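Please open the model in a viewer and keep the selection tool at hand.

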Amino acid sequence: RIGQPTKLISPITDLNLSVLEKSKQLAAWTAVDQHVKPEHRVIGIGSGSTVPYVVERIVQLGAEANAERVFIPTGFQSKQLIVSSGLNLGDVDQFPTIDVTLDGADEVDRELNCIKGGGACHLREKVLAEAANTFILVADYRKNVEFLGTNFASGIPIEVVPFAYAKVLQNLHHHLGCPQASLRMAIKKAGPVVSDNGNFIIDAPYDQETMKTPYTIMAQIKMLTGVVEVGVFCHMARAAYFGNADGTVTIKW
Ligand code: 5RP
């Protein structure tokens, strides 16, 4: 179901933010206001450029509200964010049950399936999504799509163990219908992108027809030996919040 865009009187007063940044902030703040409950003690914090606004809003709840809470990161970036914001840091091996995880997304379809891994964090992100009683997505308006693969052209992020990358690429090219799958390279092609787990990332752009059944292609890719995790999350999110350019927020649930 897609909620009607909800007109919110924006609590955002920072006039220096661009429209895009404001839309991320609006999504994040609204999601925190609706899903972080006073009784929550363990909170998962995702990765990307929208998540800092999640943390910003959580910090605004006050030191007292957060004193008894522990925050679980999905990677190096969110770990830094948690620590620099003065919040208590924990890990998922200490807290395998999380009250709520809030995370960004590269695209979210009409059934709340999403692509994640634009920042190469999708293995830990999926663990925290799965560990959470409630998994909430926050994103700007560009991520709100009918079908996956509409705007996010680089395709499905796939984390692979380094020594298997060429074999997995070959499998994708010749057996799983993705001739354009490629190894993700760092800026200026300085070498492959390496995840927080020491692995490589392959990006697999599939045609729209394939992306209409994301679970099927996700499961096929995951079966390839050497693949650690696939950045397609099917039916995991309880709701997705999208900030719109006009200051409204669309909620899909
Ligand atoms: C990182 C992710 C991010 O959550 C995703 O890329 C969205 O990032 P942003 O909020 O910057 O658009 O999956 O692996």
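Two strands are taken to pair if DSSP finds at least two bridges between them. Helices (H or I, at least four residues) and strands (E, at least two) are DSSP runs, numbered from the N terminus. The model is predicted: local features need pLDDT of at least 70, side-chain atom pairs count only at pLDDT 80 or more, and totals for chains, interfaces and linings use all residues. Residue numbers start from 1 along each chain as its sequence is written.

**The whole chain**

Select the protein chain, which holds eight helices and 14 strands. Its C-alpha trace spans about 55 × 40 × 35 Å along the principal axes. The radius of gyration, taken over C-alpha atoms, is compared with a globule rule of 2.2 Å times the number of residues to the power 0.38. For 253 residues a compact globule would have a value near 18 Å, and the protein chain agrees with 18 Å.

Colour next by burial: a residue is buried if 20 or more other C-beta atoms, placed from the backbone, lie within 10 Å of its own, exposed if 12 or fewer, and partly exposed in between. Of the 253 residues, 46% count as buried. Contacts are pairs of residues whose C-beta atoms, placed from the backbone, lie within 7 Å. Among contacts with a separation of 6 or more, 75% come from residues 24 or more positions apart.

**Strand β13 and its partners**

Select residues 239-243, strand β13, where four of the five residues are buried. On which strand does β13 have a parallel partner? That partner is β7 (residues 132-140), joined to β13 by five bridges; L137 stands opposite A240 in this pairing.

**The open sheet and its helices**

Now display β9, β10, β8 and β11, which form an open antiparallel sheet in the order β9-β10-β8-β11. Because β9 (182-183) and β11 (227-230) each have a single partner strand, they stand at the edges, and one side of each is left without a neighbour in the sheet. Within the sheet, β8 (residues 156-160) and β10 (residues 200-204) are joined by five bridges, with P157 opposite D203.

Helix α5 (residues 122-131) lies across β8 and β11, at about 60° to β11. These angles run from 0 to 180 degrees between N-to-C directions, with axes fitted as lines to C-alpha atoms, for helices over the stretch in contact.

**Two residues with positive phi**

Most residues other than glycine have a negative phi. Select L112, in the loop between β5 (107-108) and β6 (114-115); its phi is near 70°. L112 counts as buried because it has 21 C-beta neighbours inside 10 Å. Then move to A120, in the loop between β6 and α5, where phi is about 65°. With 22 C-beta neighbours inside 10 Å, A120 also counts as buried.

**The ligand**

Finally, select the ligand, which is surrounded by 17 residues, the closest being G48, S49, G104, G118 and G119. A residue is near a molecule if its C-beta atom, placed from the backbone, lies within 6 Å of it. The shell has three nonpolar, 10 polar and four charged residues.

Notes:
Two residues are in contact if their C-beta atoms, placed from the backbone, lie within 7 Å. Ala, Val, Leu, Ile, Met, Phe, Trp, Tyr, Cys and Pro count as nonpolar, Asp, Glu, Lys and Arg as charged, and the others, Gly among them, as polar.
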